[in-house]
Amino acid sequence: MTTIALLGGLPVSPVSAQTGTPGSAEGPVPDVPVGPFETPRVVAPPTNTEPAIAAYRAYRASLLFDNGLYDRQGDELAHIRDVVVDIVNGDVRGAVLEVGGTFGIGEREVAAPLDVIEGPLAHLVTTLDAEQLRALPDAAPLPAGERSFRARQLIDRTVIGRNGDVVGRLADLVINMNRERVQFAVLEVDPSFSSPQRLLALPIQLFQPAAEEQHALPLGREYLKTRPGLEFGGWSHILQPDQLADLDRQFFIDFPDIWNRSPRTLFEHLDSDQNGRLGRNEAADSNKVSDLWSELDANGDDLVSKPEFVRNYPRPAVANRR
């Protein structure tokens, strides 16, 4: 059985200190709006020849909770209370920050885009000043029946498998800060049927919040026994870029339906050379994309940019998942 090791310490990428996304002449690429957390997504071609996966910077959601957020001078301006996750397509809609107040009095929660948070987990900084933070909109409660949840609502729930038995608990979410999505959810498998205790990486889209603090998972115990595990005990926030790419490809093979829920994520998977454009050879990895090629290639240049793809890829109807 293959084991994928989690690494300790800070991001291993030589470009992981780079943050922010440059503008694009093609303009912002919208995704499904969800309340005040949705911000325009701007796409630009990479400025170097390194694969974009090398810039992978991710943290466990649970380690972001209650972390201080500092300015460049080292003054604490806010605390990270949570992140908001779309469980249908895996996007992270933004962060919930606690700002203002003195000695716990007068504080308020605000909704912030994820890209205002930079730096290593040991010392997170914000690109905003105190006044800009106070001017952010309030983080309103998420309405019942929506597809978005705070990560605190999702983590530590018992997970019920396909046959109605307990298969483990949702131990954490790994948040890809640069791509603003959940890279994977971590299932801690119940040791009663899988010993020794193991951690499995699975797409967050598979977990369906249910009643009584539970998730429903459409997988059974026998299947979970066969999946490769993450090394238990390391519990850090970074995977090697090449291992991450292998995990992404495995998700695409094993769970093809979930990729159709997010055109942006599907494009990022198919764009193997990370140049911001799809050619027919890259589209061939998805039968659906190949069939839709003439519709996606709106300008007929035999290349599909990310804005074209997101605009023209059909979105399936989304059912209520509460």
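1. Contacts first: among those in the protein chain with a separation of 6 or more, 61% join residues 24 or more positions apart; a contact here means heavy atoms within 4.5 Å. Please keep in mind that this is a predicted model, where local features need pLDDT of at least 70 and side-chain atom pairs count only at pLDDT 80 or more, while totals for chains, interfaces and linings use all residues. Residues are numbered from 1 along each chain as its sequence is written, and side-chain values use heavy atoms, with hydrogens and water left out.

2. On to the overall make-up. The protein chain has eleven helices and 20 strands, taken as DSSP runs numbered from the N terminus (helices H or I, at least four residues; strands E, at least two). Of its 322 residues, 51% are buried, with buried meaning under 20% relative accessible area, exposed over 50%, and partly exposed in between (1.4 Å probe, protein chains only). The chain exposes about 14,600 Å², and carbon and sulfur atoms supply 50% of that area (Shrake-Rupley method with a 1.4 Å probe; for residues, only the protein chains shown count as cover).

3. Helix α7, residues 263-270, is worth a look: it is mostly covered, with eight of its eight residues buried.

4. Ile175 sits in strand β13 (residues 166-176) and counts as buried because its relative accessibility is 0%. Not counting residues up to four places away in sequence, Ile175 touches Arg57, Ala58, Tyr59, Ala61, Val83, Val92, Leu114, Arg181 and Val182. Ala185 is ten residues from Ile175 in sequence, and their C-alpha atoms are 8.9 Å apart.

5. Two backbone angles deserve a friendly flag. Most residues other than glycine have a negative phi. Asp156, in the loop between α3 (151-154) and β12 (158-160), has a positive phi near 80°; Asp156 is exposed, at 53% relative accessible area. Glu180, in the loop between β13 and β14 (181-189), has a positive phi of about 55°, but Glu180 is buried, at 13%.

6. Finally, β14 and β15 pair in the antiparallel sense over four bridges; pairing requires that DSSP finds at least two bridges between the strands. Val186 stands opposite Ala201 in β15. Within β15 (residues 199-202), Leu199 and Ala201 point one way and Leu200 and Leu202 the other, and all are buried. In a regular strand the side chains alternate between the two faces of the sheet.
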